[in-house]
Each structure stands twice: as C-alpha cells, then as structure tokens.
Amino acid sequence: MAARTLLDKLWDAHQVIAETPDTPGVMYVDLHLLHEVTSPQAFTELRERGLRVRRPARTLATMDHSTPTLPADASGVLPYVTPAAAAQVQQLRSNCAEFGIELLDMASAQRGIVHVVGPELGATQPGMTIVCGDSHTSTHGAFGALAFGIGTSEVGHVLATQCLLQRKPRAMAVEVRGRLQPGVGAKDLVLHIIGRIGVGGGTGCVIEYRGEAIRALSMEERMTVCNMSIEAGARAGMIAPDATTFTWLQGRPRAPQGAAWERAVASWQTLHSDADARFERSVAIDAGAVRPTLSYGTHPGMVLDIDAHVPAAADAQAQRALDYMGLRAGSALAGTPVDVVFVGSCTNGRLSDLRAAAAVLRGRRVAAGVRMLVVPGSAAVKRAAEQEGLDAVFRAAGAEWREPGCSMCIAMNGDFVAPGQLAVSTSNRNFEGRQGPGARTVLASPASAAAAAVAGCIADPRAYAGDHAGAAEAVA
Amino acid sequence: MKPIRHLHARTVVLAHENIDTDRIIPARYLTTTSRAGLGQHAFQDWRYRSDGTPDPQFALNRPEASGASILVAGRNFGCGSSREHAPWALLDAGIRAVISSEIADIFRSNALKNGLLAITVEAAEHRYLLRHPGLELRIDVVAGLITLPDGGRFAFALDAFARHCLIEGIDPLGFLLHADAAIQRHEEQHAA
Ligand code: SF4
C-alpha cells in the first residue's frame, strides 16, 4: 500500500461511502460531543422529522458556554445572566432526557468545558473521529484523533445517522524543529505558528504537528497547540499518539481497561504518518526562535514577541486594528497597561495551565486596578487545583477563583470585559468584541497572563519564573 | 429547502477583511434555542452605536442598502467559530448571498446548507465588486456565473454536491438517511 499520512489512515478507517466528484463521502463519527448553544435547533429538527438519535452511547453532552461561574446562592439558585441562558441550559437537559443522551449536568463532578472533559474522562482516544458543534473540537486531535467542529445542521445529521457528509481535507505538515527554550510554552508556540502561516494559512487543511519540539510537549501542551489550529484557518490539528499519549490516557474512566487496553495501544501505535507519506503543504518552524508570544491586534495572526515593538500598520485594516486596540506603531508591547487578566478556556484552562499561572502569582499580588479571573476548565481541574492549594494562591494574590466554564473566553454567561478595557487572556480569540462589546483582547500564555496581572502591564513572564517575589522588582 | 437556481439582487459592500462570526452575530445573542429572530442582531456592534441607535455610517444602515441582498465582503469572510447562527442571522436579515475572494470553510458549508449562497470569485473580480457597491447582479447557480449590469460575467466554482442540493432543493440529511444500509455495515464491521 502506498505511504499514507495520519489523516489518510483515519480517513480510510471511517469511510462508509467514498466521495465522488459529484457527492461527498459519508464519514462515520465515533464520538459526538454536545453543548447547550449549538444543539437546540438540531434536536428541534429531529423532533420535526420524527427521528431518533442513532447511537446515544456515542454521544456525550455537557454545559459550559451559558453557565454561570459563580456558585448558587443560599437558596440554591444559579446566577444565570438572563432567563434565555437558563432556558437554553434547561433545553439541553430536556433534549438529553428525551433522546437518551448522557449529560454532565451542572451538579456533575465531571462537568466542564466540552474540550476539557472529553480527554479528561478518556472518552477522547487515538484513532477516533470526534465532532462537536464547536470549532475548538480540534483540541482532541492532540490524541491522534480526527476531530473538528461542525455546524448545527450537521449536529442533527450526526445525531440521526452517526455520520457526516464530508470531502477529504488536504494534509498539511507543521514541523517544529529543535526544542523550545526555558520559559517558553505551547501557547507561545502556537501563537508563533499562526503568526508565521497566517489566519488563512491552514484553510482547507488538517494540520499535523510533528518534529522534536512537538514530541517533547506534554499531553496538555499538545491540546493547547491543536486547540488553536482553527485560528490558522485549518479544519483540524493532530499529533500522532505516542508513549506520552498512552501514559496520560491509561486508567482514565472511559479509556479501555485490562486486555482491551493492551489491544488498543497496539493498534494506536500504527497511527502515524508513514516515513515517505506526502503532505500537500509543509512548513518548518524553528522552536529555538520562539519567544513568549502575545497577540496585539484583532485577529490571532497579529502576534509579537514579548520584547518587540508594535509594527507600523501595513494597510487600513491593520490600522483599524491598532486603533481598536489603542496601540501606537513603534511603542513597546511590554509595558502596555492592562485592566483585566483572564486565565481559563479550553486553550489554557487545564491543571498545568493553572500551575503555570500560580507559579508566577505565588507570594505576589495582582496589581492595583487590575481584575484577574481564574476559571478552571472543568470540575475535575477545579478539585485538583484546590487539592494543591492553587486556589489559595490565586485568592491570596487578589484574583477571583470561579466555577468551571467558558466564561470570559466568549462572554455570554455574564463574565465579560468592559468596553475599552484591555484584557490579557489565555483564551484563543481576540476578535473585536469577543470578550464583550468594545473589549480589547491580548492573547497570551498563562505565565504571560499572570505576569501581566502582577505587573499591571504586559510583562515578560521569564522575569517572574520561580517563587521569588524579589525577581519582579528587577523588571517592574 | 426551496430550490435556488438564480438570484437577481443588488449588492452592499462590507470591505473589511477577516469579518469573523463574532462580528456577524455576537456570542451574547447565542442563548437562543430557535433559528428565527437572529437577524435583528446581525452585525450588532457595527450597526448600532453604544446608545442603541443605528449608526448611519454603517454600510447596511445606509438608505441605498435597503433591499440589497447580496453582501460583497472583504477577504476571509466568516472566519472564527462554527456557529451556524452566523448564516441564520444573515438570512434572517435579508441577505441571500455573500461574495468574497476567500470564505472560511465551516461558514461556507453552513451557509450553503441553509441556502445562503457563499461564493468566491477571483481577486481582481472581487476588487471590482468591492469598488462598485449597489450593482445589480444576476447570480446563476446552475451555470456558476455572475452577470453584471454591463453584461460582464464572473465565473464562480461551487462544490458539485452543494450546487445539486441548491438547485434541486435537496436536503443533505435526507441523503444521509438513505445511506442507512452502508452505515449499518460499517458499524457491524467495526464493532469492538
Ligand atoms: S472555552 Fe472558549 S473556545 Fe473553548 S469551547 Fe468555550 S467558548 Fe469555545
């Protein structure tokens, strides 16, 4: 058989009917994830057509976008931002009950952001096709799954048939050579990559991240990288599974157990691109050249190294972005005053992210006038962080410690950045108004976000490494 | 879905590049459980000033845009999220077609499924359309041609299946339901 890419292997294994020039192929879906925002109209469609859910056992629902991150009041009432938000959550509840779908409800110890809980439970596994009505489904590709976001009509298609109509995307390789420097992480790397290839650089493609620096990443870091594939315009991102993947998955509640685990690992080990497989596009990135990287404009391709200066606007669009952000060409990015810091989201709301932020904050204070919100990605992340005492570190520093959810990443649950305020956020989108009307967003790593919180302005996180508050004075 | 073979309408231009789905329909309006009514919030943060009054400068608010149902937009339109609320909002606001030089994958696929013509043309043709707002265009879905008032023609490509669904008014779910036997076979072969 001809050499195949990882994408080819996953594609072939899930092809129910091959595509032709006239019709797309039919692709089987192994795992369908649902949340409250993009599913209601799909269930309505099913109901109107008298259809059932074909494979409820391959479907898992959680609630994360519209849900409050403040706890219930004394009478047990959750502070939904509007009656509509509460109704949307209630709708998911009744839809799941009616169609026999498992739901991680508000009180569930397993609830959280859909892209955090899938992996955490071991529901996300190598070799699977995974879809969700949410573009950051690309996160799950970190396990060597083919995972991508779909629209609500397609949510209905998968509910009814467990399949999707698909044309095969192109395979693109992003090869990250060498090793990341100390103090530089996965978020810096993926922002750097998007800056290099552009917000349309992956259009029509599934990006396979490869190379020494990718192999060296932890599982959580790999998720951060794959998460933002969509910000480069790609359909999905993926990383071939290896010992790091298997070790992370072993023993998780929904991962195979015992003899089934051994069999699974044996088959997962074949999931890699063959040595001479051909990619339609390849880009090489030098990991050693990556610095702490932040966005400065209004799309995720407008990024800068922490020690860089804001470049002159090349065109009217870029000028508009600078005006929106309140930045002047030629000024240093570091030192830009900050109003809000948000640590959380499916990009950087996992335990290792909270640890990285806490490492900067330990023994330090959030600067006067800065509001810092820390939102764990799931109930499990929250528990683990509290067991380690990270919540105490955040609280002692003056940050707010919240219940799990998407929160300020999408600002539809009442957590938002006020008009004109500048937020350093560990989330994935910096579009105008993403974090609230008129909000300005700078995308950054958890360490950079925490450094900004302490400094009160954008600051180099490497100056805050370790627990020594004294180091801060040197740069503040 | 109703068959769509051609569209005869006037253009309105939003020249901004990278118009993302948060721009088309801000997330705070996504707490709906129906498809209807999203049009009133399409481009909300451009259309209305902070005091809630319409911004007269915004292209879609201008008198000459009234009734224009073809949106000519800057490059990389519809980037960002997979929310189908974006095409629903545009359709509900009276937009029937979007033309750009580049349209984000998921947006395009969502749009076509809902009968919103998402069409890409060559860069030079795109520039022409951007520079000439208010053109009366005839979009022929069957032939893949846009005809200008002066008789000029721009060709556009459309995925064969999307075209078929549009012109026959076929719904992709019906197509998938017909694949039931093959799906069954696949499940049997891949049962763990
Ligand atoms: S955290 Fe943000 S990007 Fe992730 S699923 Fe939630 S809203 Fe989407």
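Select Asp242(A) and Arg222(A). Their side chains meet in a salt bridge, N to O 2.9 Å (a side-chain nitrogen of Lys or Arg within 4 Å of a carboxyl oxygen of Asp or Glu). Asp242(A) lies in the loop between strand S11 (236-238) and helix H9 (243-249) of chain A, and Arg222(A) in helix H8 (residues 219-227) of chain A, so the pair ties together parts 20 residues apart in sequence. Helices (H or I, at least four residues) and strands (E, at least two) are DSSP runs, numbered from the N terminus. Both Asp242(A) and Arg222(A) are buried (under 20% relative accessible area; exposed is over 50%, partly exposed in between; 1.4 Å probe, protein chains only).

This is a predicted model: local features need pLDDT of at least 70, side-chain atom pairs count only at pLDDT 80 or more, and totals for chains, interfaces and linings use all residues. Residues are numbered from 1 along each chain as its sequence is written, chains are lettered from A and ligands numbered from 1 in the order in which they are written, and side-chain values use heavy atoms, leaving out hydrogens and water.

Next, pick Glu400(A) and Arg371(A). Their salt bridge has its closest N and O atoms 2.9 Å apart. Glu400(A) sits in strand S17 (residues 400-401) of chain A and Arg371(A) in strand S16 (residues 371-374) of chain A, 29 residues apart. Glu400(A) is partly exposed at 27%, and Arg371(A) is partly exposed at 31%.

Move to Arg462(A). Asp460(A) is its salt-bridge partner, with closest N and O atoms 2.9 Å apart.

Finally, select Glu45(A), Arg49(A), Arg35(B) and Asp171(B): a network of salt bridges links them. Over all chains, the count is 39 salt bridges.
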